[in-house]
Amino acid sequence: MATFNLLLLPGDGIGVETMVEVERIIDFFNRSGRATFNTQSDLVGGAAYDAHGVAITDAAMDKAQKADAVIFGSVGGPKWADVPYAVRPEAGLLRLRKDLGLFANLRPAICYPALADASSLKRELVEGLDIMIVRELTGGVYFCEPKEIVTLENGEKRAIDTQIYTTSEIERIAKAAFDLARKRGNKVHSAEKHNVMRTGVLWKEVVTEVHRSYAPDVQLEHILADNCAMQLVRNPKQFDVIVTDNLFGDVLSDEAAMATGSLGMLPSASLGAVDATTGKRKALYEPVHGSAPDIAGKGLANPIATIASFGMALRYSCDMGAEADLVDQAIAGVLAAGYRTGDIMQSGMKQVGTAEMGGAILDELKKLAG
Ligand code: NAD
């Protein structure tokens with residue numbers, strides 16, 4: 001039986017509550033003999049700052065480096081609003097992304113039929129929606145230098161951000177997108193602005209070449225990023241995988257996500273390069289939402305985003321696609337049965353808290369797994 005080492009980093013606020021529900025599901029898979037998950041936990045974010053004065057310790061980073069997957073909750077909160085910038089809670093997540101080399105951010109936008117009416121788009125546009133946005137996470141305009149605000153001789157200020165992409169950066173994200181598409185609908189849209197940006201010209205050239213040499217079996221379409229934004233609200237089901245740079249990915253993934261309803265429903269994965277000797281890749285899985293200080297500690301948080309993030313770990317780090325499907329079906333099943341946390345509550349449905357929602361998903365999983 002396959003064995004996997006997981007590092008659980010619940011963090012702060014509702015991250016702590018939603019991770020408990022993930023642990024129950026891990027426990028179920030261990031007992032059912034489908035795999036052996038060895039779990040370790042550690043502190044991150046404000047919790048790590050309170051205990052150690054840093055947002056993540058070297059010891060926790062060492063565990064993350066050795067793990068098959070890191071499952072991350074959420075960090076931050078008003079308690080740490082005034083801590084020094086270098087050790088603020090978010091610095092823990094940034095160090096994980098940087099030190100693990102997590103260059104590919106995967107954000108699925110899935111619309112469960114039971115929640116189609118909660119979308120800001122019409123039911124027929126979003127029911128059954130299943131898109132994956134692959135965003136380049138470590139390069140581009142958020143990181144490149146020069147990045148500054150300077151005062152000119154005439155007293156005016158001038159701000160500069162710089163967008164740089166190299167061939168190898170584009171190649172590795174394109175390959176990640178083609179690999180994913182092969183496990184899904186076999187179609188990739190590459191979104192850039194080659195009409196006005198030099199990085200867009202190179203992006204298009206490199207993606208085209210990677211497609212020719214690495215993935216001719218996958219359907220590739222190029223789309224201008226602004227048109228992609230428009231098409232996401234006009235006819236989102238035309239997309240399967242969208243690959244794009246850091247800046248456009250930030251915007252397009254939030255836009256696609258809103259088709260699905262609530263922040264409490266959105267998982268994500270961040271992947272590193274495949275190690276040539278082991279065939280494994282570093283990976284971190286986390287809900288898109290934050291620590292939700294307004295509801296933390298009250299047992300109200302929706303655990304679905306964190307549970308679905310663990311589902312992504314099953315699929316992308318453990319090669320357990322069938323079990324990942326079971327987790328997704330269990331979530332769809334409890335939603336169809338009318339269970340709702342406060343953030344996705346609709347009239348006539350049954351309002352439940354974090355533990356009850358987690359328990360209902362676990363019960364459904366047990367039924368589905370036979
Ligand atoms: P947030 O995502 O924490 O909350 C936004 C709103 O959505 C709140 O009203 C919250 O109650 C609700 N919400 C979020 N997740 C929910 C869930 N699972 N179930 C039910 N309701 C949910 O964003 P924010 O309020 O802007 O930020 C709060 C803190 O979280 C800040 O310190 C911020 O820096 C941090 N943050 C952390 C991450 C991360 O850990 N990756 C991401 C975003 C924000």
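Cysteine 144 counts as buried, since its relative accessibility is 12% and the limit for that class is under 20%. The model is a predicted one, and it holds zero disulfides.

**Cysteines**

- Cysteine 228 takes part in no disulfide, and the nearest cysteine sulfur, which belongs to cysteine 111, is 18 Å away, whereas a disulfide would require the two sulfur atoms to be within 2.5 Å.
- With a relative accessible area of 0%, cysteine 228 is buried, and cysteine 144, at 12%, also counts as buried.

**Ligand surroundings**

- There are 22 residues around the ligand, and those that come nearest are Glu90, Gly290, Ala292, Asp294 and Asn302.
- By residue class, the shell around the ligand divides into ten nonpolar, eight polar and four charged residues.
- The backbone supplies an N or O atom at 2.9 Å from a ligand oxygen in the case of valine 75, and an N or O atom at 2.8 Å from a ligand oxygen in the case of alanine 292.
- For aspartate 294 it is the side chain that is involved, with an N or O atom lying 2.8 Å from an oxygen atom of the ligand.
- Taken on its own, the ligand has 800 Å² of accessible area, of which the protein covers 67%.
- Strand 3 (69-74) and helix 4 (90-99) are the elements that give two or more residues to the shell around the ligand.

**Threonine 306 in helix 10**

- Threonine 306 lies in helix 10, which spans residues 304-316, and its relative accessibility of 0% places this residue in the buried class.
- The side chain of threonine 306 is joined to that of threonine 18 by a polar contact of 3.0 Å.

**Asparagine 246 in helix 9**

- Asparagine 246 is placed in helix 9, which covers residues 246-258, and asparagine 246 counts as buried because its relative accessibility is 0%.
- When residues up to four places away in sequence are not counted, asparagine 246 touches Arg135, Glu136, Leu137, Thr138 and Gly139, together with Tyr142, Phe143 and Tyr165.

Note on methods: Residues are numbered from 1 along each chain as its sequence is written. This is a predicted model: local features need pLDDT of at least 70, side-chain atom pairs count only at pLDDT 80 or more; totals for chains, interfaces and linings use all residues. Side-chain values use heavy atoms; hydrogens and water are left out. Buried means under 20% relative accessible area, exposed over 50%, partly exposed in between (1.4 Å probe, protein chains only). A residue is near a molecule or strand if one of its heavy atoms lies within 4 Å of it. A polar contact is a pair of N or O atoms within 3.5 Å; within protein, one must be able to donate a hydrogen and the other to accept it, and residues adjacent in sequence count only if both atoms are side-chain atoms. Accessible areas come from the Shrake-Rupley method with a 1.4 Å probe; for residues, only the protein chains shown count as cover. Helices (H or I, at least four residues) and strands (E, at least two) are DSSP runs, numbered from the N terminus. Ala, Val, Leu, Ile, Met, Phe, Trp, Tyr, Cys and Pro count as nonpolar, Asp, Glu, Lys and Arg as charged, and the others, Gly among them, as polar. Contact means heavy atoms within 4.5 Å.
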